[in-house]
Every structure is written in C-alpha cells, then in structure tokens.
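Take a first walk through this protein model.

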Amino acid sequence: EFGCCPPLPSIHQTLPILSLPPIMLTAQVAKDVITLKGSADIVTEFFCYAVNSIIFQRGLYPMEQFERVKKYGLTLLMVQEERVKRFISAVTSQLAAWLETGKLQRVVLVIESRLTAEPVERWNFNIETDEEVLENGVPRQKSDKVIMNEIQTIMRQITSCVTFLPCLNEQCTFDVLAYTDKDAMAPITWADSDAKMIKNSQVVKLHSFDTKVHKVEASVHYKIDSDD
C-alpha cells in the first residue's frame with residue numbers, strides 16, 4: 001500500500017500542490033447511465049467529503065478552520081486551512097486516476113498520535129470494481145438519487161461517530177493509505193507504507209454504497225482503552 005501524510009509543520013510532506021477540479025456528476029451520469037469515469041467521479045467526490053467530515057468530527061483541527069456546505073441533502077463541514085485543502089486535493093486526484101483504471105482496492109484514513117505516530121483509528125473503505133465495465137467499457141444503470149441516498153447514509157454515520165468512538169485525548173493527525181494492484185503506477189510523492197494496524201482494536205461496520213461500477217464498503221477500527 002502507498003501512504004501520504006498531511007502537510008502540516010510537524011509532519012514531513014513532499015506532495016506537490018495540486019488542484020482537484022470541480023466534479024460534475026451530470027457530465028458522465030445522464031439518464032441513470034453510469035460510466036467508469038462517472039462512477040470514479042462519484043466515488044472520488046465521496047472520499048473528499050468523507051475525509052473532511054472525519055477530520056472535523058474527530059477534532060483534528062480547530063472548528064474555526066471549517067466552513068459549512070450543503071451536500072447529499074446534509075450540512076457538512078469542509079476544511080479551509082490551505083495546506084490541508086491542498087493535501088486532500090492531491091490525494092483525491094490520485095485516487096481518481098486509480099479508480100478510472102480499476103487499480104484501487106482500498107482507501108484507509110488513519111488517525112494517529114502527533115507525538116508518537118501510534119495509530120488510534122483506521123477508517124477503511126474497501127472498493128470493488130465491475131470487471132466487465134473495466135474490460136469492455138459497458139455502462140451500468142442506477143438512479144443517481146438512490147446512489148446519493150446511500151452516500152447520505154454513510155455521511156450521517158460519520159457525523160454520529162462521536163457517540164461510539166472514544167475521545168481523542170491527545171493531539172492527532174491523519175495519514176491516507178491506498179491499497180492498489182501490484183502493477184499500479186504511483187507518483188514519487190507516494191511512498192510504500194506499513195499497514196498502520198491498531199493493536200487491541202474494535203471494529204464498527206458502516207453502510208456501503210454501490211454505483212453498479214464501484215462498490216464501496218466502509219468500516220472504522222478504533223483503539224480500545226487499556227482500562228476497558
């Protein structure tokens with residue numbers, strides 16, 4: 001797997017400054033026809049909003065660094081700190097490229113101690129890609145509204161995560177891991193990484209969503225307090 005770390009002062013970071021262009025779902029999703037490119041756009045956009053929601057809900061950055069936006073019929077929070085925005089854009093841009101070639105198997109957002117780099121949470125997003133769409137370019141059909149409702153359910157779960165996840169009692173940051181096919185090409189700004197597994201962890205399975213081209217299954221693993 002490959003990994004990146006957010007470009008904050010306390011963390012080394014070599015990612016270039018990239019800009020993720022606005023994603024227009026209607027460009028490839030028309031009359032409920034889902035192409036490979038259209039599905040990759042939907043999944044990439046989901047990852048962008050999911051990462052922002054997770055780092056807000058887990059208090060990784062001050063509340064004043066976030067701005068409210070409307071998406072998926074919900075009010076979500078998007079980080080406005082420029083270095084973090086550039087990092088997320090760079091990461092999602094590369095994830096989009098891997099999604100369009102069917103090379104991406106899993107994305108993991110790891111929350112870890114800023115002081116010790118010990119992982120305390122792993123947000124897993126497993127990805128299955130329709131092989132027939134990859135090989136033959138055959139589009140699939142699914143209502144855009146149904147897909148958006150499925151994504152909305154996951155985003156609601158992320159928002160409510162504070163009700164079951166332990167409090168983070170130390171300053172934390174996040175890392176992004178991408179599990180890809182062995183023949184996937186990776187930019188030099190992505191480096192091989194260990195899995196950053198959590199010892200003595202608990203797992204909560206979240207909902208999934210399916211574009212009929214890509215299926216995304218979500219779960220969160222978190223560290224159990226030693227006193228439990």
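Which backbone oxygen lies 2.8 Å from a polar atom of the side chain of Thr 92? It is the backbone oxygen of Ile 88. The backbone oxygen of Ser 89 lies 3.2 Å from a polar atom of that Thr 92 side chain.

A word on the source. This is a predicted model, in which local features need pLDDT of at least 70, side-chain atom pairs count only at pLDDT 80 or more, and totals for chains, interfaces and linings use all residues. Residues are numbered from 1 along each chain as its sequence is written, and side-chain values use heavy atoms, with hydrogens and water left out.

Thr 92 sits in helix α3, residues 82–100. Helices here are DSSP runs of H or I with at least four residues, strands are runs of E with at least two, and both are numbered from the N terminus. Thr 92 counts as buried because its relative accessibility is 3%. Buried means under 20% relative accessible area, exposed means over 50%, and partly exposed lies in between, with a 1.4 Å probe and protein chains only.

Now look at the partner of α3. Helix α2 (residues 36–57) packs with α3 at an angle of about 150°, and their axes are 9 Å apart. The two helices are therefore roughly antiparallel. Axes are lines fitted to C-alpha atoms over the helix stretch in contact, and angles run from 0 to 180 degrees between N-to-C directions. Angles over 145 degrees count as roughly antiparallel, under 35 as roughly parallel, 65 to 115 as roughly perpendicular and the rest as oblique.

Which residues meet? Those of α2 include Phe 47 and Val 51, and those of α3 include Ile 88, Thr 92 and Leu 95. Contact means heavy atoms within 4.5 Å.

Next, move to Asp 181, in the loop between β9 (172–180) and β10 (191–192). At 24% relative accessibility, Asp 181 is partly exposed. Its C-alpha atom is separated by 8.5 Å from that of Gly 102, 79 residues apart along the chain. Beyond neighbours within four places in sequence, Asp 181 is in contact with Gly 102, Lys 103 and Gln 105.

Finally, the whole chain. It has five helices and twelve strands. Of its 228 residues, 49% are buried. Among contacts with a separation of 6 or more, 73% are between residues 24 or more positions apart.

Notes: A polar contact is a pair of N or O atoms within 3.5 Å; within protein, one must be able to donate a hydrogen and the other to accept it, and residues adjacent in sequence count only if both atoms are side-chain atoms.
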